[in-house]
Amino acid sequence: SVFNVQDKGDDIICPGAFTKTIAESKSWAREHKKDVVLPILFMHERNLPLGGFTDLYEDDYGLFVKGFLDISTNEHGIPNNPEAVKVYSGVRLGYVSEFSIGYFTIKKDYKGDIRYLRELALFEGSAIVSNMAMNPQALITSVKSEQQEEARMHKRSISLESYYRVA
């Protein structure tokens, strides 16, 4: 999220809204020896997991996330996660260019019709088709590709970085 920006739903995420959830999510990942802090879905669909966020933090601008899409293949070259491959293609071609977050609102207040989100509990982040995110500044800011060879399987992942400029 970009802080202090009114989204299409008349919400404004305030600085510090992610502080507690980031600490809790990272603590959970460490405790369970997981590299993934939160899952990445497509269009908030729980049955379309694509990969995961490996890092997230707040800065003066908003929530920054770093993660990967699972575009690995089996020993026959068949994608293990075909949806992630499709989304990767969409990111590269530009029609999947935004991110959105799934969250529970913990603390909020209102000024008129505007809801100020003071504390949120993140549970996922989603790659979103262009022009559909609630916050049009929640963009995928970079995508990188890396390939790693393993004994029986080719693993490939792409690295995504975004400001939730949205989880």
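Predicted model: local features only at pLDDT ≥ 70, side-chain atom pairs only at ≥ 80, totals over all residues.
Me: Which strand runs antiparallel to E2, and how many bridges join the two?
Reply: The antiparallel partner of E2 is strand E3, which covers residues 45–58. Within this pairing, phenylalanine 42 stands opposite glutamate 45 of E3.

Me: Which residue takes a positive phi in the hairpin of E2 and E3?
Reply: Two residues lie between the strands of this hairpin.

Me: In which sense do E2 and strand E6 pair, and what is the bridge partner of isoleucine 40 in E6?
Reply: Strand E6 spans residues 114–129 and is joined to E2 over three bridges. The sense of this pairing is parallel. Isoleucine 40 has its bridge partner in E6, namely glycine 125.

Me: With which side chain does the side chain of serine 100 make a polar contact?
Reply: Serine 100 belongs to strand E5 (residues 96–111). Its relative accessibility is 12%, so serine 100 counts as buried. The polar contact of its side chain spans 2.9 Å, and the partner is the side chain of histidine 44.

Me: How many residues apart are arginine 115 and aspartate 11?
Reply: Arginine 115 and aspartate 11 form a salt bridge whose closest N and O atoms are 2.8 Å apart. The pair links distant parts of the chain, with arginine 115 in strand E6 and aspartate 11 in strand E1 (residues 11–13), and the separation is 104 residues.

Me: Are arginine 115 and aspartate 11 buried or exposed?
Reply: The threshold for a buried residue is under 20% relative accessible area. Arginine 115 has 18%, and aspartate 11 has 9%. Each therefore falls in the class named buried.

Me: Which elements does the salt bridge of lysine 26 and aspartate 55 tie together?
Reply: The closest N and O atoms of lysine 26 and aspartate 55 are 3.0 Å apart. The two residues lie 29 residues apart in sequence, so the pair ties together helix H1 (residues 19–31), which holds lysine 26, and the element that holds aspartate 55, strand E3.

Me: What relative accessibility does aspartate 55 have, and what is that of lysine 26?
Reply: Both residues count as partly exposed. The value for aspartate 55 is 27%, and the value for lysine 26 is 24%.

Me: Why are glutamate 83 and lysine 86 separated by about one helical turn?
Reply: The side chains of glutamate 83 and lysine 86 meet in a salt bridge of 3.4 Å, N to O. Glutamate 83 is partly exposed at 28% relative accessible area. The separation is about one helical turn because both residues lie in helix H2 (residues 82–93), and their spacing there is three residues.

Me: How are the rings of phenylalanine 53 and phenylalanine 99 arranged among the four aromatic pairs?
Reply: The structure holds four aromatic pairs. In the pair of phenylalanine 53 and phenylalanine 99, the centres are 5.8 Å apart and the planes form an angle of 55°, an arrangement that is tilted. This pair ties together strands E3 and E5, because phenylalanine 53 lies in E3 and its partner in E5. Phenylalanine 53 and phenylalanine 99 are each buried at 1%, and their arrangement is tilted.

Me: At what angle do the planes of phenylalanine 104 and phenylalanine 123 stand?
Reply: Phenylalanine 104 lies in strand E5 and phenylalanine 123 in strand E6, 19 residues apart in sequence. The ring centres are 4.8 Å apart, and the pair is tilted because the planes stand at 40°.

Me: Which residues make the nonpolar surface patch of about 310 Å²?
Reply: Phenylalanine 104 is exposed at 54%, whereas phenylalanine 123 is partly exposed at 38%. Isoleucine 106, located in strand E5, is partly exposed at 46%. The patch is made by Phe104, Ile106 and Phe123.

Key. Residues numbered from 1 in each chain as written. Heavy atoms only, no water. Pairing = 2+ DSSP bridges. Helix = DSSP H or I, 4+ residues; strand = E, 2+ residues; numbered from the N terminus. Buried < 20%, exposed > 50% of the residue type's maximum accessible area, 1.4 Å probe, protein only. Polar contact = N/O pair within 3.5 Å; in protein donor to acceptor, adjacent residues only side chain to side chain. Patch = residues over 30% accessible without salt bridge, like charges linked within 9 Å, V, L, I, M, F, W, Y side chains within 5 Å. Areas by Shrake-Rupley, 256 points an atom, 1.4 Å probe, with all protein chains shown as cover. Salt bridge = Lys/Arg side-chain N within 4 Å of Asp/Glu carboxyl O. Phe/Tyr/Trp six-rings, centres within 6.5 Å; stacked < 30°, edge-to-face > 60°.
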